[in-house]
Amino acid sequence: MEEGLKIPNHVAIILDGNGRWAKSKGMPRNYGHVQGAKTVEVICEEAYRMGIQYLTVYAFSTENWTRPQEEVDALMKLLRNYMKTCLKTAAKNNMCVRILGDKTGLDADIRERIEQLEEATKENTGLHFQIAINYGGRDEIVRAVKKLAEKIEEGTLKKEEITEQNLEDALDTHGIPDPDLLIRTCNEQRISNFLLWQLSYTEFYFTETAWPDFSREELEKAVLAYNKRDRRYGKVEE
């Protein structure tokens with residue numbers, strides 16, 4: 001990595017291409033998901049070494065439930081195993097983990113493991129790692145609006161007091177800075193209902209590399225591309 005580069009504070013990644021990568025190797029789609037989970041661990045460590053403070057990955061969307069039941073079951077099994085692995089990795093690397101998304105749509109045992117993981121890592125001061133599970137950007141905004149509506153019904157908030165800030169505070173990502181850089185792998189060039197509110201001023205980077213093949217070198221390429229962008233907010237350079 002070149003010296004003097006500006007490292008993005010928060011990087012979000014849409015993990016795409018696991019199934020296609022596996023198919024290209026004559027393997028079942030779940031093989032790609034397993035390898036993709038291993039890549040997540042590697043990139044967590046490499047991102048923090050580079051100076052990235054927040055890393056958010058899109059693991060399972062609200063739309064993914066429509067996939068074949070066999071694949072969904074395999075992903076949930078992988079998720080259960082990953083929660084255990086992530087707890088060990090977080091302890092080793094001082095990583096603070098938060099799960100984004102509608103947890104009520106997950107099985108009780110997965111919700112319990114998520115609670116244990118978040119509780120055990122909440123005081124850690126290393127990489128802030130967010131995993132989006134059963135997550136959809138529109139769903140997140142709807143849930144946030146419902147929270148504000150409840151406050152209005154309770155009398156603790158007036159409709160004229162609704163601001164961008166208190167809506168933002170009701171989102172899953174409350175307290176987390178917006179992403180500076182969004183990476184999507186496997187050359188798909190859309191955001192697929194991911195962090196719709198938070199990506200307002202985010203730089204996008206698309207790569208042909210499938211997620212299981214994503215490496216530190218690929219992350220460095222994304223950061224180099226990010227450094228070539230003119231970051232502007234209301235026509236004012238950052």
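Author: Contact here means heavy atoms within 4.5 Å. The model is predicted, and this cut-off is applied to its atoms.

Reader: With that cut-off, which residues is Thr185 in contact with, leaving aside its neighbours within four places in sequence?

Author: Thr185 is in contact with Ile14, Leu15 and Asp16, and also with Thr207, Thr209, Ala210, Trp211 and Phe214. Thr185 itself sits in the loop between strand 5 (181-184) and strand 6 (203-206).

Reader: Is Thr185 buried or exposed?

Author: A residue is called buried under 20% relative accessible area. Thr185 has 0% relative accessibility, so it counts as buried.

Reader: What does the side chain of Thr185 reach?

Author: The side chain of Thr185 reaches the backbone oxygen of Asp16, at 2.7 Å. Asp16 is also one of the residues listed as contacts of Thr185.

Reader: Let us turn to the whole chain. How many helices and strands does the chain have?

Author: There are 7 helices and 8 strands in the chain. The radius of gyration is 18 Å, close to the 18 Å that the globule rule gives for 238 residues, so the chain is as compact as a globular protein of that length. Along its principal axes, the C-alpha trace spans about 60 × 45 × 35 Å.

Reader: What share of the residues is buried, and what does the surface consist of?

Author: Buried residues account for 47% of the 238 residues. The chain exposes about 12700 Å², and carbon and sulfur atoms supply 48% of that area.

Reader: How should I read sequence separation among the contacts?

Author: Take the contacts between residues at least 6 apart in sequence; 75% of them join residues at least 24 apart.

Reader: Where does Leu106 lie, and what is it in contact with?

Author: Leu106 lies in the loop between strand 3 (96-100) and helix 4 (108-121). With neighbours within four places in sequence left aside, Leu106 is in contact with Trp65, Met76, Arg111, Ile114, Ile133 and Asn134. At 3% relative accessibility, Leu106 counts as buried.

Reader: Where are Asn94 and Asn193 found?

Author: Asn94 is in the loop between helix 3 (69-93) and strand 3, and it is partly exposed, with a relative accessible area of 31%. Asn193 is in the loop between strand 5 and strand 6; Asn193 is buried, with a relative accessible area of 15%.

Reader: Which polar contacts does the side chain of Asn166 make with the backbone?

Author: The side chain of Asn166 reaches the backbone oxygen of Glu161 at 2.9 Å. A polar atom of the Asn166 side chain also lies 2.9 Å from the backbone nitrogen of Thr163. Asn166 is in helix 6 (residues 164-169), and at 18% relative accessibility Asn166 counts as buried.

Reader: What else does Asn166 touch, not counting residues up to four places away in sequence?

Author: Besides Glu161, Asn166 touches Leu148 and Leu157.

Reader: Finally, how far apart are the mean positions of the positive and negative charges?

Author: The chain has 34 positive and 41 negative charges, and their mean positions are 3 Å apart.

Definitions and conventions. Residues numbered from 1 in each chain as written. Predicted model: local features only at pLDDT ≥ 70, side-chain atom pairs only at ≥ 80, totals over all residues. Heavy atoms only, no water. Helix = DSSP H or I, 4+ residues; strand = E, 2+ residues; numbered from the N terminus. Rg over C-alpha atoms; globule rule 2.2 N^0.38 Å. Buried < 20%, exposed > 50% of the residue type's maximum accessible area, 1.4 Å probe, protein only. Areas by Shrake-Rupley, 256 points an atom, 1.4 Å probe, with all protein chains shown as cover. Lys, Arg positive; Asp, Glu negative; His and termini not counted. Charge placed at Lys NZ, Arg CZ, Asp CG, Glu CD. Polar contact = N/O pair within 3.5 Å; in protein donor to acceptor, adjacent residues only side chain to side chain.
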